[in-house]
Amino acid sequence: MPFNGFQSITTLVCWQYIRLHPITGPERCIDVDTLDKSAVRRAFNRAAAEYDRHAVLQHQVCERLLSRLDYIRCQPRVALDLGAGTGQAARALLARYRGCRVIAADLSRTMLQTIGRPRPWRRIAQRVQCDAEALPFADASVDLLVSASTFQWCGDLPRLFAEIKRVLSPQGVLLFATFGPDTLKELRQAWAEVDDAVHVHEFADMHELGDAMLNAGLVDPVVDTEWLHVSYAQPQTLMRDLKVVGAGNASSRRRRGLRASETLRRVASAYPRSADGACLATYEVVYGHAWGSQLRRSTVSVAFDRRS
Ligand SMILES: C[S@@+](CC[C@H](N)C(=O)[O-])C[C@H]1O[C@@H](n2cnc3c(N)ncnc32)[C@H](O)[C@@H]1O
């Protein structure tokens with residue numbers, strides 16, 4: 001088992017709030033220069049074979065994201081899983097929308113290879129290796145764009161959302177989940193006690209994501225956040241898991257080379273522990289959705305039972 005308990009994911013959700021548009025404020029890029037894209041690609045290439053065995057949190061986030069499709073009525077002809085990884089969302093889209101052409105796009109060729117080749121007898125997503133910030137698709141060619149646990153690897157949010165807006169059809173829908181600033185805050189704090197290098201990335205917050213969507217011209221963006229906690233017996237297991245799923249440190253300001261075991265021991269002892277001695281890792285999950293350029297009144301309305 002990579003960590004103490006999977007149940008903690010579902011039982012330790014703390015709270016959730018929704019901020020509706022309009023969302024305003026200065027537009028910001030995450031420090032683009034600090035994200036080393038070749039390091040991101042290499043890390044996910046290396047992670048591909050073991051990803052599904054260890055990416056328990058990412059699979060949970062993807063499942064939660066996909067469940068939101070129940071509330072969006074759409075019949076896409078073309079659906080794109082952006083940052084598809086091993087294709088969890090792409091497979092779900094194929095199963096959900098019969099007759100829809102599903103594209104799995106990812107920066108990492110090795111990740112895409114795990115999905116397998118399309119065969120006449122096997123309905124499988126078409127694989128495209130590309131950067132989410134420079135999509136090789138025609139304008140207005142995608143009806144549904146789903147992306148799970150990927151936007152945190154895209155440093156230039158204005159460019160990312162401009163590309164998404166460009167490829168979405170006017171009635172197209174964008175649905176994503178990414179990570180917010182509280183993510184891995186315990187690990188960030190533990191490292192801060194040991195040295196002043198960058199060990200945990202910067203993550204955009206929900207307002208920055210909302211602003212970027214709005215500024216790109218996407219229609220009616222909505223974002224909400226939930227906090228998930230994963231419990232580990234030892235911080236070393238968390239650090240190993242992050243590395244195995246390709247989510248290590250890809251900052252271009254990262255300190256290169258092997259870490260001395262003494263350094264890791266100091267990080268482990270600085271890691272905050274809960275009363276029962278467990279090490280909790282926080283994940284702030286930011287969900288968002290928006291429409292291409294035309295708001296479709298196609299969401300399902302849910303009637304609440306009023307009791308006196
Ligand atoms: C944490 S994995 C998520 C995979 C999958 N969506 C899931 O939910 O399991 C992040 C994926 O994003 C891909 N990725 C990172 N940066 C990217 C970029 N700029 N463009 C496209 N894909 C990217 C990685 O190669 C990796 O497969």
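User: In this predicted model, what percentage of the contacts with a separation of 6 or more comes from residues 24 or more positions apart?
Analyst: The model is predicted, and its chain comes to eleven helices and eight strands. Among contacts in the chain with a separation of 6 or more, the share from residues 24 or more positions apart is 82%.

User: Is Ala 105 buried or exposed?
Analyst: Ala 105 lies in strand 3, residues 101-106. A residue is buried if 20 or more other C-beta atoms lie within 10 Å of its own. Because Ala 105 has 26 C-beta neighbours inside 10 Å, it counts as buried.

User: How far apart in space are Ala 105 and Asp 81, C-alpha to C-alpha?
Analyst: Leaving aside residues up to four places away in sequence, Ala 105 touches Leu 80, Asp 81, Leu 82, Ala 84, Val 128 and Cys 130. Asp 81 is 24 residues from Ala 105 in sequence, and the C-alpha to C-alpha distance is 6.1 Å.

User: Which elements give two or more residues to the shell around the ligand?
Analyst: The ligand is surrounded by 22 residues, with Phe 44, Gly 83, Gly 85, Ala 132 and Trp 153 the closest. Two or more shell residues come from each of helix 2 (37-47), helix 4 (56-67) and helix 5 (88-96).

User: How many residues of the shell around the ligand are nonpolar?
Analyst: By class, the shell has three charged and seven polar residues. The nonpolar residues in the shell number twelve.

User: How many of the ten residues of helix 9 are buried?
Analyst: Helix 9 spans residues 206-215 and is mostly covered. Its buried residues include Met 206, Leu 209 and Met 213. Of the ten residues in helix 9, the number buried is eight.

How values were computed: Residues are numbered from 1 along each chain as its sequence is written. This is a predicted model: local features need pLDDT of at least 70, side-chain atom pairs count only at pLDDT 80 or more; totals for chains, interfaces and linings use all residues. A residue is near a molecule or strand if its C-beta atom, placed from the backbone, lies within 6 Å of it. Helices (H or I, at least four residues) and strands (E, at least two) are DSSP runs, numbered from the N terminus. Ala, Val, Leu, Ile, Met, Phe, Trp, Tyr, Cys and Pro count as nonpolar, Asp, Glu, Lys and Arg as charged, and the others, Gly among them, as polar. A residue is buried if 20 or more other C-beta atoms lie within 10 Å of its own, exposed if 12 or fewer, and partly exposed in between; C-beta atoms are placed from the backbone. Two residues are in contact if their C-beta atoms, placed from the backbone, lie within 7 Å.
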